[in-house]
Amino acid sequence: MTLRLAALAATTGLALLAGCQRAPAPDAADTPAATVASTPADAVRGRVAAHWFGRQWPKNFLPGFRREHVADDFAQLKADGFDTVVLLVAWGDFQPVFSPCCTYDERAFERLRFLLDQADAAGLKVMLRLGYGWSFHPDAGDVGDRQQRVLNDPAAREAFLAFLARISKETAGRDGLVLSFLSWEDLWLRRVDDSAAGTWAEFLATHPAGEPRPAALPDPVADAKLFHAYWDWLLVEEFVAPAAPLFPALSLEARVDSDPRFETGPDGAPVVAEWISHDGMLRLPAGQPLTLYWAPYWGALNQGEQLPATRSLELLDAMLAQVAEKSDAPVFIDQFNVVDNTPGHEHNAVIRPEETAAFLHASVCTMKRRGVLGYGYWTTRDYAESPLHNPAFGYGLEGWTLRRAQGEPAQALEALPSGDFQLAFAAGDHLAQLIPPRRGRLPRADDARPDQACVEAEVRTPGVLEVSAGGKRVPLRFDATGLQRRCAGLAPQPGAEGLAFDVHARSGEFALRDLSLFDHVQYGGLYDLDGRPAALLEPVQRMNRDFRGDAARCD
């Protein structure tokens with residue numbers, strides 16, 4: 001899942017907060033999906049959602065998913081008790097060039113339409129996370145640069161709003177779309193630059209004239225409180241407010257973590273003087289539901305501890321109570337992250353593995369007592385963090401360099417009845433992709449994580465493929481015909497220009513379907529990387545049934 005600071009929230013008075021109650025929301029049985037929603041919240045009430053990434057990393061899922069898998073995957077979501085699928089709509093995938101405005105990639109829109117049609121056929125409603133920050137599109141540039149520009153430069157912001165308008169046009173009239181939301185994670189303000197001077201002046205004009213303010217643009221450290229207040233205002237007024245008319249229901253995933261304000265301590269070192277909350281992100285336009293996320297680290301000490309289920313329930317209840325004190329908007333939890341093994345966040349608190357099922361069972365009553373509209377599970381299938389662009393050839397050979405022993409590269413692409421492609425690959429052929437550093441943390445041999453490369457192929461004649469990532473070639477042996485997946489450990493060696501991934505056919509004939517290179521598998525607990533049931537499948541199925549039903553046990 002996307003990374004965020006695990007800020008320390010206040011945890012005093014939890015027992016008192018846990019005893020507070022709001023009027024319970026109507027259960028899903030009282031608001032069937034066929035009912036016409038009278039408010040945006042009504043369309044979301046009782047929804048049990050799952051994010052879907054097409055058996056790929058969220059960062060490359062749009063060009064990476066294979067159409068042949070979608071119907072089965074969506075049917076599995078339905079069978080597991082989910083009634084809604086959450087799809088990521090990455091700004092860089094759909095509008096790779098925003099300056100000069102604008103260049104759109106029509107392939108992305110076609111693939112989105114396909115997914116919307118498939119969701120409708122499966123009986124699933126849809127939620128869209130608009131403007132997801134990550135994209136490996138070769139024309140999209142650096143993710144950080146795009147984020148900095150859109151949060152500061154009004155021209156970039158106009159381009160982003162044009163992208164939202166295009167998505168609105170593409171999804172107009174689709175009754176299955178029940179919620180669209182922006183996220184602070186994709187619009188994370190890290191500094192204010194000169195291009196934002198006009199917007200900064202607009203923000204200051206909303207404050208009483210006598211209030212203290214910096215003489216120049218705000219610094220995130222020296223002017224922390226004002227800086228974060230500006231960020232809150234910016235997201236609501238400059239993004240959500242102008243985009244709200246474009247969608248039947250538009251929300252914002254608000255930041256519920258706090259940010260530190262530092263002062264110099266007695267020994268001269270910086271110390272946290274206070275934690276700054278983002279209450280301004282809770283003030284959405286009237287009638288729109290508020291979107292939140294939750295993980296066990298919220299309010300915990302975050303010293304690598306494992307929490308009992310009772311403590312995690314207290315923390316969940318405390319967060320919902322805290323938000324309810326500041327906002328009357330009904331809440332949807334788009335990322336209900338009960339497990340997390342994200343690299344670099346090992347210090348974050350987690351629920352004791354043996355008590356996770358008990359937490360899931362009891363969390364239904366906690367959410368219903370607090371009037372939560374519904375929730376979304378981050379990943380129902382474990383995924384490998386593979387930084388390859390276009391890993392399954394959904395965009396043909398984009399991102400790849402193919403040298404063939406015989407024939408032209410374009411002739412190797414084979415169209416399938418599903419609409420997918422496969423790549424004919426025989427002895428002497430060579431396939432390569434240079435993974436640039438801008439795609440984030442690259443697999444490398446000099447860290448503690450084991451590295452793997454995997455190839456899925458239709459084997460026509462048994463043989464051997466060799467894979468490498470800037471280092472020694474490693475063999476993958478395919479000893480029989482038919483669809484097979486083979487993996488091997490290797491030692492990646494990134495260079496200054498990135499990481500060179502290569503596949504070479506030493507012998508045999510293949511039709512390549514999917515390739516991956518990774519050193520981490522994100523755990524969700526329902527299905528493993530190969531689709532086999534995992535420990536949390538039955539507890540989550542039961543939680544889904546209870547939340548969508550009347551959950552009489554919560555009375």
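A residue counts as exposed when its relative accessible area is over 50%, as buried when that area is under 20%, and as partly exposed in between. Keep in mind that this is a predicted model.

Q: What label does Arg444 get, and why?
A: Its relative accessible area is 34%. That value falls between the 20% and 50% cut-offs, so Arg444 is partly exposed.

Q: How do you know that Arg444 and Asp446 meet in a salt bridge?
A: Look at the gap from N to O, which is 2.7 Å.

Q: Which labels do Glu68 and Arg66 get for accessibility, and why?
A: Glu68 has a relative accessible area of 29%, so it is partly exposed. Arg66 sits at 2%, and since buried means under 20%, Arg66 counts as buried.

Q: What makes Asp83 and Arg47 a salt bridge, and where in the chain are they?
A: Their closest N and O atoms are 3.5 Å apart, which is within the 4 Å limit. The pair links distant parts of the chain, 36 residues apart: Asp83 is in the loop between α4 and β2, and Arg47 is in the loop between α2 and β1. Both Asp83 and Arg47 are buried.

Q: How many salt bridges are there in the structure?
A: There are 38. Some link up: Glu106, Arg113, Arg166 and Glu170 form a network of salt bridges.

Q: Why is helix α4 called oblique to helix α6?
A: The axes of α4 (residues 67-79) and α6 (residues 106-122) come within 10 Å and cross at roughly 40 degrees. Under 35 degrees would be roughly parallel, and roughly perpendicular starts at 65, so α4 is oblique to α6. The crossing is right-handed.

Q: Which residues meet where α4 and α6 touch?
A: Among them are Val70, Ala71 and Phe74 in α4, and Phe114 and Leu115 in α6. The residues of this contact divide into seven nonpolar, one polar and four charged.

Conventions: Residues numbered from 1 in each chain as written. Predicted model: local features only at pLDDT ≥ 70, side-chain atom pairs only at ≥ 80, totals over all residues. Heavy atoms only, no water. Axes fitted to C-alpha atoms, helices over the stretch in contact; angles between N-to-C directions. Helix = DSSP H or I, 4+ residues; strand = E, 2+ residues; numbered from the N terminus. Parallel < 35°, antiparallel > 145°, perpendicular 65-115°, else oblique. Left-handed = near helix turned anticlockwise from the far one by under 90°. Contact = heavy atoms within 4.5 Å. Nonpolar A, V, L, I, M, F, W, Y, C, P; charged D, E, K, R; others polar. Salt bridge = Lys/Arg side-chain N within 4 Å of Asp/Glu carboxyl O. Buried < 20%, exposed > 50% of the residue type's maximum accessible area, 1.4 Å probe, protein only.
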